[in-house]
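Here is a short tour of a two-chain model to read with the structure open beside you. Take the topics in any order you like.

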Amino acid sequence: MAVKTAGETGGRKASRFSEEGGSTLGLILKYVFLALVVGFLTFSGWQLLQDGSYPFAATFFITALFITLVYVRRTTVPLRWIAPGLIFLILFQIYPVVFTVYTAFTNYSTGRNVEKQVAIKSIENQTYVPEGAPTLNWTPLQADDGTAAIWVIDPATGEAHLAIPDQEWIPAADVPGLVLGPDGVPTSLDGYTVQANNQRFLFVSANQGVTFGTEEAGAQVTSSVEARETKQKYVYDPAQDAMVDQQTGKVYVNQEGVFTADDGSIVTPGFPVVVGVSNFTKILTDPNFRGPFARIFIWTFVWAVLSVLETFVLGMFLALTMNSPNIPMQRLLRVLLILPYAIPPFITVKVWVGLLNPILGMIGSQWNPGWFTSPFWSKVGILMVNLWLGYPYMFLIILGALQSIPQDMYEAAKVDGAGPLYQFRRLTLPLLLVSIGPLLIGSFAFNFNNFAIIDLYNQGGPPMPGAGVAGFTDILISYTYKIAFGGTRGNDYGLAAAVSIIIFIIVGAVTIFNFRYTGQLEEVSENV
Amino acid sequence: MNRRTMFVFVSLLVMMSMLLAACGGGAEPTAAPAPTEPPAAAAAPTDTPMPEPTATPVPVVEEPTAVMTETEAMTETVAMTDTAAEEAPTEVPFVSTCTGDAPSLLIWADDQRSASLISLKDQVLAETGVCLDVQEIPFGDIRTKISLAGPAGEGPDIFVGAHDWLGELYANGVVAPVDLGAKASDFDPVAVQAFTYEGQLYGLPNAVESVAFICNPDLIDTAPASYDDVRAMSEAAKADGTLTQFFAEIREDPYHQEPIQTAFGGYIFGQNDDGTYNACDVGLDSEGAIAYLTWVDQMVKDGLLSGDVDWETAHVLYETGAAACIITGPWALDRFQTAGIPYAFYPFPTQDGNQASPFVGVQGFMINSFSDNKVLAQSFLTDYVATQDVMETFYATGNRPPAFLPARGVMDDDAKAFAEAAATGHPMPAIPAMNAVWSAWGDAIKTVFLQSATPEEAAASAAAQVREAAACQ
């Protein structure tokens, strides 16, 4: 009974699928949930459509369609298990990847941070006050039909007008039924109600950007008490792809995403444009980048390889030692050795930074070859800290792997006359590498992108003279971060995306190597 | 089993979508797309200390009588649907305390200012019918967040910031001009100058900040008047062996070094007649700047200054009485008081008759250019923030000299001393080329401290990098 043939299992599965929906309750629940999910997606998509986010809206609609098809059609049963995962994979993995690749080919950076339409709209919203236009005081009025108007007084001349949208200003003398208060502000006039001062903010809120008067002679409220004649400063000219300054006539032509005049002056904001492979050529050919990039590139490999090696060697040494039955207090020692693994690395790194502090630190004050200031010794320091952080992991997994090597092999080796060293070299190490090998490569990939320890130790410092944000202990990922977000020189997302693609290619190559290497090791284990 | 798992998963999905709908629905049509937003929105209520939504009915221009007969719960519902229908323009993924259809202003403020602004809420609502929403965000985070949230239409109407962000914020187009109106004369001219960029004022100044020359009066007889004196006193202290280092000079950044390098006649950017900075006049390899680096170089060579003294170390040295003098700002006073170490303010030492001048940083309120409520924001700033009472409450929490002159009367002696130091200063340049100064000039100073470059080499390298960044022919 316990043993089933493949045919039986398959048959049972098939029958389970064919009786799908056999339970009415299950069927109802299924469709209720499906309706809810699809309803939510469609609703969100609709909202996005209203907002003009078409790509996002399309994503939501396609997802809704996909879910409906998968869960309603019978032929797509196997997809049902992976559909949600697939959707999230596309949303949270594929989309960022595509976006990063796209960004690497643009000049997206500080000053070029919005879409072109947004930039144009934002620039066209800028206004100017014509020369000699007075600052006016205003009083809110409400017409009997509910529309708004203002009473403006020029404090310099004392002239007062009634200003109504899309009409010429009416001088105070021509306003019917006007009764002025002691401060020149009307207390009543025909057809309008003078609003109280506590209504000013609400009036401002309701009438922002409204011109009281005509296009040629009108005023906008600019604060709760002041009004000014304001005009649109820039107008976009699609023919030239340029912004034209209405005040001075200056033309700002779009140059790689920034509207720039002949004399080099610009109007902001700008927008990112596709610049081809220039970010990549910059990394490879610009002397300010090439030098530091090559050094960081090499150090990243040195760092990752040495980190794996040192932790592996120390971890293995300790594991072999602790595996020997002759060690007293074996359990206690094992626990103590694993302890650094149990403390959060963020705390550990900071403790080490404190210990190595040249003036206040317990180690640094006694012995300071330049733990944070010398390019060489800061690298030594950071490798030392990583050794402390990394060996317990190696110790732990090697200790486990040692248990899996059959003892009779050693006995056989002894019978054949192999000494301890020979046993280690020909027996322990190859068998260990079978199980540990992939983990070593995993550890390499992890250290290759070990941003936290680099940043916590010395923020990549000491600085590389004349190399921008680069520091001597920077690895590629921390360098990328500095270019994109951390630097004080502005954010260059395009360049950072290009560097991250290079990192991706390297890590990808390591992963492929990993798979191949794992296969080789399996062959080794078969031969042993 | 698989079916059950599926069932659980779908239920989870539905619950999540409900949550999303709750966070993003109703008055919040724009929240849904960004995948990272919902958790932030969900976390907001617990992270931000916000007062309970006030139950006070909102004074609205339109007749409230129609809804007066309904229960209060109904009022809420009606108000909610109204807002949804009209699509309140400036909503962000953060739990608003403003409900109903009263116009609202969202303010991003740091912990030094948020409480004072929140306390204004009831008064502003009662007097003007405008509802204030204050979201507390760490000061440094505002700079990066505003450039992302502003163009996305999710930014605040008003945000707190420092004047030296202006170069970046202007490039990203997220700041709108501010008009001080009749109150312009009440502000410290240096602060107004600092917030002026490309001929326009972009912020309402709130507080000025600068470093001062501080010494431990128990450890010195007379204050050093020049850097020759500093050297002589350092030598004497070294001979005595009483102090680790007489002058705890922070090796790190140009900010703390500015009063020293200006004392030697150095400068970073030349100033135009109107006080603005000329990015094409780079003074980092000027005689004065090299003289300053040479002084540092000699001090380090003779063991009187150390390249190991970073910001933290310098303060610990002073706090433990191992150093007599330090150049630092108001943020350090709390530490000194806690450590119980005496401190007194002295004028910056000068050299060869040059004027020593620290950087002045100004913090203030800026208006998001992508806000639909710019004029309302402007009105709120001039009518409610630029007042003596409010500026005094900012001083009470921040202890920085107010940029609003009528509020300076409440300053204590420490703040007065810092205000005096700031009066000798010049605004930190906000021009984009300044970004290169922070790293290039900072690295130059550091390499001299570390003895890995000569003063001339360091100065030349820094000047070349800054000139390249400034892109002047």
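**A sheet in chain A**

In S17 of chain A, A:Ile266 is the bridge partner of A:Thr260. Please keep in mind that this is a predicted model.

- S17(A) pairs with strand S16 (residues 258-260) of chain A in the antiparallel sense, over 2 bridges.
- Both strands belong to an open sheet of 5 strands with antiparallel pairing, in the order S13-S14-S15-S16-S17 (chain A).
- Strand S13 (234-237) and strand S17 (266-267) of chain A are the edges of this sheet; each has a single partner strand, so one side of each has no neighbour in the sheet.

**Domains of chain A**

- Chain A has three assigned domains: domain 1 (23-104), domain 2 (127-232) and domain 3 (282-527).
- Between the C-alpha centres of domain 1 of chain A and domain 2 of chain A there is a distance of 53 Å.

**Chain B at a glance**

- Chain B contains 18 helices and 14 strands.
- Of the 473 residues in chain B, 52% are buried.
- When contacts in chain B between residues at least 6 apart in sequence are considered, 74% of them join residues at least 24 apart.
- Two domains are assigned in chain B, both made of more than one segment: domain 1 (24-51 + 60-209 + 362-413) and domain 2 (212-357 + 432-470).
- Where these domains meet, 7 residues come from domain 1 of chain B and 5 residues from domain 2 of chain B.
- The side of domain 1 of chain B that touches domain 2 of chain B has 1 nonpolar, 3 polar and 3 charged residues.

**Nonpolar cores**

- Nonpolar side chains tend to be buried together in soluble globular proteins.
- In this model the largest nonpolar core has 155 residues, and those with the most contacts inside it are A:Ile150, A:Val152, B:Ile107, B:Ala323, B:Cys325 and B:Val466.
- H17(B) supplies the largest share of this core, with 10 residues.
- A second, separate core has 50 residues, including A:Phe289, A:Val308, A:Phe372 and A:Leu432.

**Strand S8 of chain B and its partners**

- Strand S8 (residues 212-215) of chain B is covered on both faces: B:Ala212 and B:Ile214 are buried on one side, and B:Phe213 and B:Cys215 are buried on the other.
- S8(B) pairs with strand S11 (residues 325-328) of chain B in the antiparallel sense, over 4 bridges.
- Within that pairing, B:Cys325 in S11(B) is the bridge partner of B:Cys215.
- Beyond its neighbours within four places in sequence, B:Cys325 is in contact with B:Phe213, B:Ile214, B:Cys215, B:Phe246, B:Phe247 and B:Ala248.
- S8(B) also runs antiparallel to strand S12 (residues 344-346) of chain B, joined by 3 bridges.
- There, B:Tyr346 in S12(B) is the bridge partner of B:Phe213.

**Helix H16 of chain B**

- Helix H16 (residues 413-423) of chain B has buried residues at B:Ala415, B:Ala417, B:Phe418, B:Ala421 and B:Ala422.
- These residues lie on the same side of H16(B), because they cover an arc of only 160° around the axis.
- The buried residues of H16(B) pack against strand S7 (204-209), S8, S12 and strand S13 (359-368) of chain B.

**A closer look at B:Tyr197**

- B:Tyr197 is found in strand S5 (residues 196-197) of chain B.
- Is B:Tyr197 buried or partly exposed? B:Tyr197 counts as partly exposed, because it has 19 C-beta neighbours inside 10 Å, whereas a buried residue needs 20 or more.
- Apart from neighbours within four places in sequence, B:Tyr197 is in contact with B:Leu166, B:Tyr170, B:Tyr202 and B:Ala430.
- The C-alpha atom of B:Tyr197 is 7.8 Å from that of B:Gly167, although the two residues are 30 residues apart along the chain.

**Where the chains meet**

- The contact between the chains takes 54 residues from chain B and 50 residues from chain A.
- Several helices of chain B each supply at least two residues of the side that touches chain A, among them helix H5 (114-128), helix H12 (311-319) and helix H18 (455-470).
- H1(B) gives the most to this side of chain B, with 8 residues.
- By class, the side of chain B that touches chain A has 25 nonpolar, 21 polar and 8 charged residues.

Methods. Residues numbered from 1 in each chain as written. Chains lettered and ligands numbered in written order. Predicted model: local features only at pLDDT ≥ 70, side-chain atom pairs only at ≥ 80, totals over all residues. Contact = placed C-beta atoms within 7 Å. Nonpolar A, V, L, I, M, F, W, Y, C, P; charged D, E, K, R; others polar. Domains from an automatic or database assignment. Core = buried A, V, L, I, M, F, W, Y, C linked by C-beta atoms within 7 Å. Buried ≥ 20, exposed ≤ 12 C-beta atoms within 10 Å, placed from the backbone. Pairing = 2+ DSSP bridges. Arc of directions from axis to C-beta.
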